[in-house]
Amino acid sequence: LFRSQQVVELLQEQAIVPRAAMQDIQELFVPENKIDDVRAEAEQLPSLSITTLDLQWVQVLSEGWATPLRGFMRERDYLQVIHFDVLMDGGVISQSIPIVLPLSTDDKKRLEGSPAFALEYKGRKVAILSNPEFFEHRKEERCCRVWGTATAKHPHVKMIMESGDWLAGGDLQVLERIRWNDGLDKYRLTPLELKLKFENMNAEIGRA
């Protein structure tokens, strides 16, 4: 065990740190024995074309970096994050950045009523979003709560202001590991891979 993990466990025993702080990492990849069926399902579903930023969030979610989230935030999680910087359901978890999926009014109208839809990046289905919930993208509120400004001179604020007027939350089934083919993929280890690597190194402390 890492020394830091032992400290956290001691704090949990003393009820100083909530049990949720040590929740097991949840990857969102489709199991290998189901991948063919889920791919076939994705081809039959309506689809939403996503941006590079959206795909980066799919990567974050699928690899377990945002555990305990099971997909893009629904409105309840979103409001907890932008107003309190935490996720409250199942224990208090620090989370100050909303992980959301913007879409246009036309796409919202097209996908409303569907129990699921596929996420498509450059013509390739990468995930299925199930039990979707659509809610208003209150852009100024989001920017002011997260960055303290709504000026379009801020590059990320500008990106948000130009994105869709709606957000879609829901559970993700990710069809494949996200690769960028830029020569750096081998260095992008998942949390579980890093944990195994540190254990094999007999590392006492891991730093991010």
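## Overall fold

The protein chain has 8 helices and 8 strands, where helices (H or I, at least four residues) and strands (E, at least two) are DSSP runs numbered from the N terminus. This is a predicted model, in which local features need pLDDT of at least 70 and side-chain atom pairs count only at pLDDT 80 or more, while totals for chains, interfaces and linings use all residues. Residues are numbered from 1 along each chain as its sequence is written, and side-chain values use heavy atoms, with hydrogens and water left out.

## Dimensions and burial

The C-alpha trace of the protein chain spans about 50 × 45 × 35 Å along its principal axes. Of the 208 residues in the protein chain, 38% are buried, that is, under 20% relative accessible area with a 1.4 Å probe, protein chains only. Among contacts (heavy atoms within 4.5 Å) between residues at least 6 apart in sequence, 70% join residues at least 24 apart.

## The second largest pocket

The second largest pocket is lined by 19 residues, and Thr51, Asp54, Pro102, Ser163 and Gly164 are those that lie nearest its centre. Strand S1 (47–49), helix H3 (52–62), strand S5 (101–103) and helix H7 (155–161) each give two or more residues to this lining. A pocket here is an open set of points on a 1 Å grid over the protein atoms alone, where a 1.4 Å probe fits, with protein on both sides within 12 Å along at least five of seven lines, and lining residues have an atom within 4 Å of a point.

Definitions and conventions: Buried < 20%, exposed > 50% of the residue type's maximum accessible area, 1.4 Å probe, protein only.
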